[in-house]
Each structure stands twice: as structure tokens, then as C-alpha cells.
Amino acid sequence: MSGNGSRVPFDAFFLPAAGGERFCIFHPANGAPLGSVLYVHPFAEEMNKSRRMAALQARAFCRRGYNVLQIDLLGCGDSSGDFGDARWNAWNDDVALAADWLARHAEGPVHLWGLRLGALLALDHLRQAGRSFAGLLLWQPVISGAQFMTQFLRLRLGSEMLSGAAAGSGTEQLRAQLAAGRALEIAGYELTPQLASAIERLDLAALPPENVPSHWFEVNAEGKPSPGLRRAGQTWSSAGAEVELHAVRGEPFWSSVEPCECAELIGATCDTLSLAHA
């Protein structure tokens, strides 16, 4: 147990899992719990850049009466394995592992909270989970897995340019290497063909859940939902899914060079969860 001053106490522990252990942090709710929130972190370096915001939001949830469980997925953070060991199905299993732990150790409804690619993992898990969830809180959800992968591959191209390496033909050449079964090192992370292929197929608009209210949160300079997110939301609504878009002004903390916070996002997310429980 750790915590003092303005910090909310938490428990850090390792969960036995396939291929080793998964590092977890459990933040107990202040007072009688209203429910729990399971956090699904973003991809690669976005996870590290988002740690502070995830911790601040977890503490804010606790003050509102919610337990929060954070889990480092296989090959990420302090969990077992290297990033090159990661597979999408294994990450799905890790989310199930965390949800099972919450079911055994905490009472009340469970909400899934996902950031960036973690939002798509939360949705993909929800689609095949054998349990129900009370709601979805999606921060800056990735709209297209293929577009996301293009952006990640460009980091490799940028690194090659800075090092003076001969220019290739771009992201399509890198995709061809993956298709041929070759793993790529990108920004210090080993991207395997299996993981890349699974991410490429993801599409936010194609993952509407049934009977689970969803709230999407976007952070940008205008404080308005982007056209792409609005289109995906409209597709969900047309499919009968309950979805509400929220936008706040702020910096992209998941990709900023310098650490930054977005208090407005934290407040809006807490208010939304409180209203859902009311």
C-alpha cells in the first residue's frame, strides 16, 4: 500500500498469467464503492506518455467512489515479456484476467475505460467477453487501425531519414516486410507481423456494442468532436448503439514531447460516470 498527502492509496501487485505475470495497480474507492473502472492502456510509447493522466484520472475516480484497476498488458510496462511477445489475442486475455480479478475482489458494476488503441481493445474484448459491463469510457479512441499503423510505421521512416539511411518506398514497403513475416523495430519497439495484422483490421465504426452505453472523449484545440469521430458515432447510432461524444480543449498528452495534463478531461469524465450512476 502506498500513498500520502493528496495521493490516493493504492495496491501494486503481480497477477499470474500466461507467459509470466501482469503488473497491476488497484486504487480502492473512497468510502462505500459505487462500482469499478478497468483501465486499458494505449500502444507503445503512448502508454508511457499517458501514465500521469491515467494516474490523475484514477485518483479522481476514487474520490468519486469508484475502484480502479490498471493492468500492464503482456510485454508492456512492468509486466512479463518483451513487446515483441505481444499478440492481440493475448492482450484480450489480459483484459479478461483483470476483469476476473475485479469480479472476485470488488462489488458493483464495472466500466471499461480505454485510451487510444486501448479503446479499441476494450471494444474488441467487450464483443467477445462472457460478462457484461456497465459502460464504456473511451478517451481519444483510434478510428482506424490501418491509419494508426501507418502513423506508427512513419516513425520508422523518420528515424531512417535522421540517421541518413537510404530512403525506401515508404510505409507500403514496410507493410510488405511485415507481410513477408519480418518483424520491424520502430521507436524502440519490436512490431511483429501478427500484432500489426490484427491492428490493421480494427475499425471503430465496426465495433458498436449491444446494450452498453458509451461515452467518447476527444481532446483538441477547438474543443469540438472531429469529423471522423462524429461519422463513427453516427454509424454506431444507426446500428442502435447508445453513444455520446464529448470534446474538451487540451493538448494531446499521449503524444506530447513534454508531459502535460488536461484537467478538463478528468472533470468531464468523472461527471459523466457520476451521471451514469445516478
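**Entry 1. Pockets**

What volume does the largest pocket have? I find a volume of about 330 Å³ for the largest pocket. I note that this is a predicted model, in which local features need pLDDT of at least 70 and side-chain atom pairs count only at pLDDT 80 or more, while totals for chains, interfaces and linings use all residues. Residues are numbered from 1 along each chain as its sequence is written, and side-chain values use heavy atoms, with hydrogens and water left out.

On a 1 Å grid over the protein atoms alone, a pocket is an open set of points with protein on both sides within 12 Å along at least five of seven lines, a cavity is a set of points where a 1.4 Å probe fits but cannot get out, and lining residues have an atom within 4 Å of a point. Grid points are joined across faces, edges and corners, and a volume is the space filled by probe spheres set on the points.

I looked up the lining of the largest pocket and found 20 residues, of which Ile-25, Arg-51, Ala-54, Ala-55 and Gln-70 are the closest to its centre. Strand 2 (20–27), helix 2 (51–63) and strand 4 (66–71) are the elements that give two or more residues to this lining. Helices (H or I, at least four residues) and strands (E, at least two) are DSSP runs, numbered from the N terminus. Helix 2 gives the most, with 5 residues. By class, I read 10 nonpolar, 4 polar and 6 charged residues in the lining of the largest pocket. In these classes, Ala, Val, Leu, Ile, Met, Phe, Trp, Tyr, Cys and Pro count as nonpolar, Asp, Glu, Lys and Arg as charged, and the others, Gly among them, as polar.

I then turned to the second largest pocket, which holds about 280 Å³ of space. Its lining has 14 residues, and Glu-45, Glu-46, Phe-152, Leu-155 and Ser-255 lie nearest its centre. Helix 1 (45–49) and helix 5 (145–163) are the elements that give two or more residues to this lining, and helix 5 supplies the largest share, 4 residues. The lining of the second largest pocket divides into 8 nonpolar, 2 polar and 4 charged residues.

**Entry 2. The cavity**

I searched the whole structure for cavities of 30 Å³ or more and found 1. The largest cavity has a volume of about 40 Å³. Which residues line the largest cavity? They are His-41, Pro-42, Phe-43, Leu-73, Trp-88, Trp-91, Leu-117, Gly-118 and Leu-121. Helix 3 (88–105) and helix 4 (117–128) each supply at least two of the lining residues, and helix 4 gives the most, with 3. By class, this lining has 7 nonpolar, 2 polar and no charged residues.

**Entry 3. Helix 6**

I examined helix 6 (residues 171–179) and list its buried residues as Thr-171, Leu-174, Arg-175, Gln-177 and Leu-178. Seen down the axis of helix 6, these buried residues fall within an arc of 155 degrees, so they line one face of the helix. The arc is that of the directions from the helix axis to the C-beta atoms. The face turned away from the buried side carries the exposed residues Glu-172 and Ala-179. Buried means under 20% relative accessible area, exposed over 50%, and partly exposed in between (1.4 Å probe, protein chains only). Just after helix 6, I note that Gly-181 takes a positive phi of about 95 degrees.

**Entry 4. Loop residues**

Most residues other than glycine have a negative phi. Arg-116, although not a glycine, has a positive phi of about 55 degrees. I place Arg-116 in the loop between strand 5 (110–115) and helix 4, and it counts as buried at 11% relative accessibility. Gln-140, also not a glycine, has a positive phi of about 45 degrees. Gln-140 lies in the loop between strand 6 (135–139) and helix 5, and is buried with a relative accessible area of 12%.

I also looked up Pro-209, which is found in the loop between helix 7 (193–200) and strand 9. Pro-209 counts as buried at 11% relative accessibility. Pro-209 and Met-161 are 48 residues apart in sequence and 42 Å apart in space, C-alpha to C-alpha.
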